Structures are given as structure tokens and as C-alpha cells.
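Please look over the structure with me, taking the points below one at a time.

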Amino acid sequence: MSISTPSSYKLSTFSNGGGNDSTTIKVIGSRTFACFKEIFDIESRLKLTSPPSVYSHRLALTNRAFTRHCVRPDSAGNRTSSSLEGENGDFDGESRVLEIGIDYQQKIDGGSSGDGGDDGGGNSFGGGGGGEGDNEEEKEFGPILKFEGVMKEAEARGVKLPSDMMEAAKSNGIRKLIFLRYLDLQGSVWPLGFFMKHCSMLRNRMLADPSFLFKVGTEIVIDSCCATFAEIKKRGNDFWSEFELYLADLLVGVVVDVALVGMLAPYARFGQPSASRGLFGHLQHACSALPSSVFEAERPGCKFSVRQRIATYFYKGVLYGSVGFSCGLVGQGIANLIMTAKRSIRKSDEDIPVPPLVKSAALWGVFLAVSSNTRYQFINGLERLVEASPVAKQVPPVAMAFTVGVRFANNIYGGMQFVDWAKWSGVQ
């Protein structure tokens with residue numbers, strides 16, 4: 001149901017039916033709404049069952065929230081006002097007001113703020129939404145476990161939940177599949193179990209994509225093997241004498257690989273983002289609402305617009321460029337120090353010039369921001385299509401084999417492209 005304009009209606013009669021729990025509403029203006037069930041639920045939460053009557057009742061409905069205000073006499077005959085308000089409460093002052101610490105908002109039109117939607121961050125695996133969206137999400141992630149069920153299962157396994165998951169369980173609940181997946185992963189052997197408990201970045205990515213570590217490992221192994229082969233071929237007999245250069249390049253490459261995969265990986269988001277003010281706060285909120293990658297799959301309660309997906313490409317490009325420039329400074333800086341130290345001891349006419357540090361780092365930054373960002377965005381999209389296919393769901397090794405093949409081909413092409421860029425820029 002959708003209400004397009006805010007309206008206010010005066011109840012002509014509102015009583016508790018002579019002491020029982022039923023509530024009678026005779027007239028609300030000239031329109032009837034199908035949302036009284038929620039109002040009755042709020043009635044029980046407000047604990048307004050003892051007074052014999054309610055003198056006045058004012059109901060305001062908007063397209064996003066409603067507000068409720070009841071005035072009744074207490075035992076001393078004084079007028080007591082109890083209020084429960086959503087977004088637009090506007091009540092007249094009373095002699096005595098009881099503030100009830102419940103912030104309730106009913107989204108009458110069935111919409112919900114997703115973890116990456118236009119309304120900002122949210123709980124991508126908690127409650128919310130409605131209609132067909134809830135049915136689809138329940139098929140994929142299971143029913144919503146409320147706080148009591150979550151705590152019962154956690155205590156049965158002797159598990160202490162992280163603070164953000166605890167808050168999500170209290171507010172909206174947690175999808176059963178996600179919760180059980182966490183319980184299984186946190187009980188894994190060291191070091192995975194340890195990091196699942198204490199590293200939210202890894203935990204949230206593993207909950208959203210159980211094959212995340214496989215993809216990271218695949219990227220590292222392929223890149224390291226290709227880099228080793230290229231270094232041996234390039235250095236020849238001097239490989240072992242320049243082993244420290246190779247090792248420095250290899251370690252920097254591992255850091256880059258983890259960043260390339262991790263920055264585009266989908267992740268579970270629990271709770272609502274903190275409300276920050278100012279330019280930085282608005283910018284942070286906008287970035288948190290973006291998808292992890294351009295082709296991240298939508299979920300009920302987690303919708304992304306075309307504009308957000310386009311913005312994600314440029315945002316991830318900035319992140320990739322920052323990682324490339326930083327790693328380029330570190331890696332090339334170590335290599336230059338070693339080359340300079342060796343040449344101070346023994347010089348040779350065959351020595352190649354020491355590459356410029358800042359220019360090399362800038363090349364790495366531009367290359368990752370433009371080339372790597374584009375290629376890995378498409379890789380994530382292709383992996384998503386394959387993983388969602390009926391064949392891959394029935395035979396999971398199909399998706400794993402595709403990941404190995406597409407990332408191997410991407411690594412070969414990327415290495416060749418970087419050599420061309422380096423020669424074109426004059427770095428090599």
C-alpha cells in the first residue's frame with residue numbers, strides 16, 4: 001500500500017471496548033487504511049491496557065512512517081500523554097509526557113533501505129522488505145532468526161557473537177543461512193577460526209561468498225608462478241644473486257593481489273551506518289551505499305541503481321590507484337635501494353639504469369586504476385554469472401575451474417599489457 005501525501009486524521013471514537021483487549025475505531029476522516037494491524041501491535045507495546053478510556057487519539061500517516069499519540073488520565077486524575085513517533089511527530093504540549101524509548105517506523109509502501117541502496121547502508125541479511133522480495137530472500141538465505149533464536153543457538157554452541165551481529169539480531173534478526181555459516185566458520189581450524197572472530201573484513205566477505213579465500217589463493221598462486229617464471233627468464237644466471245629483488249617484487253605482488261580481489265568482493269553488512277554530519281560524513285555515507293563491484297548481484301533489501309554502479313567503477317578506480325601507487329613506492333623503493341647498494345660495492349658496464357621511483361609508482365597507480373580495475377570488474381561479473389548458473393549450483397567445481405581459467409588468462413594478458421605501458425612511459 002502506498003500513501004503519496006502526508007495526511008492527518010482525527011479519531012472520533014477510540015476505546016478499549018470496556019476493559020478488554022479489543023480496540024474499536026469508528027471513523028478516521030473519510031478514508032480507510034489497511035495498516036491497523038501494526039497500530040494494534042504498537043498498542044500492546046505501549047502497555048495502554050489499564051486505563052478505562054482514552055480521551056483523545058491523533059493519528060498521522062505519511063508515505064514512510066506513522067506517529068501515535070494517546071492522552072489518558074492517570075490514577076491522580078492528571079492527563080498523561082504517551083507517544084510513539086516515526087519521522088514526522090508533531091504533538092501539542094501536555095502537562096505531563098511519558099517518553100517511550102521505542103523508535104518504530106513502518107514502511108507502508110513495502111520499500112526497504114538496503115545495505116547499498118539509495119537510502120544508504122543497512123542490514124543486507126536481516127529483516128525488512130516485504131512481499132515477493134522476502135520470499136526470494138528466504139529461499140536463498142533461509143528464514144529470519146530473531147534475537148531469542150540467535151542467542152539460543154549461539155549459547156548451545158558456546159559462541160560469543162561479535163557486537164555488530166548482536167545488534168543486527170536485536171534490531172531485525174539475522175538470516176538463518178548467514179548465521180549458521182558464521183557458526184561453522186568461526187569453529188574452523190586456526191588461523192581461519194581466529195580471523196573469523198576478530199577480523200570483520202574477512203568475516204563479512206566469507207559470509208557473503210564462501211569461495212572468497214579460494215579466489216584470493218588462486219590469484220596469489222597464479223600471479224606468483226607467472227612472476228617467478230618471468231623473473232627467471234629475465235634475470236637468467238643472475239637470478240640467485242638478485243634473489244632479494246625478486247623476493248621484494250613477490251611480496252608486493254601478494255599485497256596487490258589481496259587488494260585486487262578483496263576490494264571487489266561482496267560482503268555482508270550488519271546494522272545501519274553511523275549518521276555522520278558534514279561533507280566527509282555525507283561522502284562516507286554515499287560510498288558505503290555503493291555496491292562492492294559494478295556487477296554485484298542485487299538481493300531483496302539490497303538494490304543498486306545504474307548511477308551507483310557507474311560511480312562504483314570510478315570509486316574503485318581511485319582505491320586501486322591508491323594501492324598501486326603505495327605498493328609501487330614500497331616495492332620499487334626497496335628494489336632501488338638494493339640496486340644502489342650493490343653498485344656502490346661493485347660496478348659493471350652492463351648495469352641497467354635505476355628506475356625512477358615516483359614515476360614507477362605513478363605508473364603502477366594508473367595501471368591498476370584503469371587496466372586492472374576494468375579487467376577485474378568484468379571478471380567478477382563473469383564469475384557471478386557462472387556461479388548463479390544451474391550447472392555450477394549442481395556441480396560447484398565448475399565455478400572453481402572457471403575462476404582458475406579466467407584469472408590465469410587475465411594475469412597473462414595483464415602482465416603483457418604492463419610491459420607495454422612501462423616501455424611507452426619510459427620507465428623500462
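1. The sulfur of Cys-225 lies 6.9 Å from the closest cysteine sulfur, which belongs to Cys-226, and this is too far for a bond. A disulfide is a covalent bond between the sulfur atoms of two cysteines. The cut-off applied here asks for two cysteine sulfur atoms within 2.5 Å, and the structure accordingly holds 0 disulfides. Please keep in mind that this is a predicted model.

2. How exposed or buried are the cysteines? Cys-225 is partly exposed, with a relative accessible area of 49%, whereas Cys-327, at 13% relative accessibility, counts as buried.

3. Turning to the aromatic rings, the count comes to 11 aromatic pairs. One of them joins Tyr-313 and Phe-314, whose ring centres are 5.4 Å apart and whose planes stand at 85°, so this pair is edge-to-face.

4. Phe-367 belongs to helix α12 (residues 357-387) and Phe-418 to helix α14 (residues 397-425), so the pair ties together parts that are 51 residues apart in sequence. Both Phe-367 and Phe-418 are buried.

5. A further aromatic group deserves a look in the viewer: Phe-239, Trp-240, Phe-243 and Tyr-246 form one aromatic cluster.

6. The last point concerns helix α3, which spans residues 147-157 and in which Val-150, Met-151 and Ala-154 are buried. When α3 is seen down its axis, the buried residues fall within an arc of 95°, so they line one face of the helix. On the other side of α3, Glu-148, Lys-152 and Ala-156 are exposed. What covers the buried residues of α3? The covering elements include β8 (144-145), α4 (163-171) and α5 (176-186).

Conventions
Residues are numbered from 1 along each chain as its sequence is written. This is a predicted model: local features need pLDDT of at least 70, side-chain atom pairs count only at pLDDT 80 or more; totals for chains, interfaces and linings use all residues. Side-chain values use heavy atoms; hydrogens and water are left out. Buried means under 20% relative accessible area, exposed over 50%, partly exposed in between (1.4 Å probe, protein chains only). Helices (H or I, at least four residues) and strands (E, at least two) are DSSP runs, numbered from the N terminus. The arc is that of the directions from the helix axis to the C-beta atoms. Contact means heavy atoms within 4.5 Å. Rings of Phe, Tyr and Trp (its six-membered ring) pair if their centres lie within 6.5 Å; planes under 30 degrees apart count as stacked, over 60 as edge-to-face and the rest as tilted.
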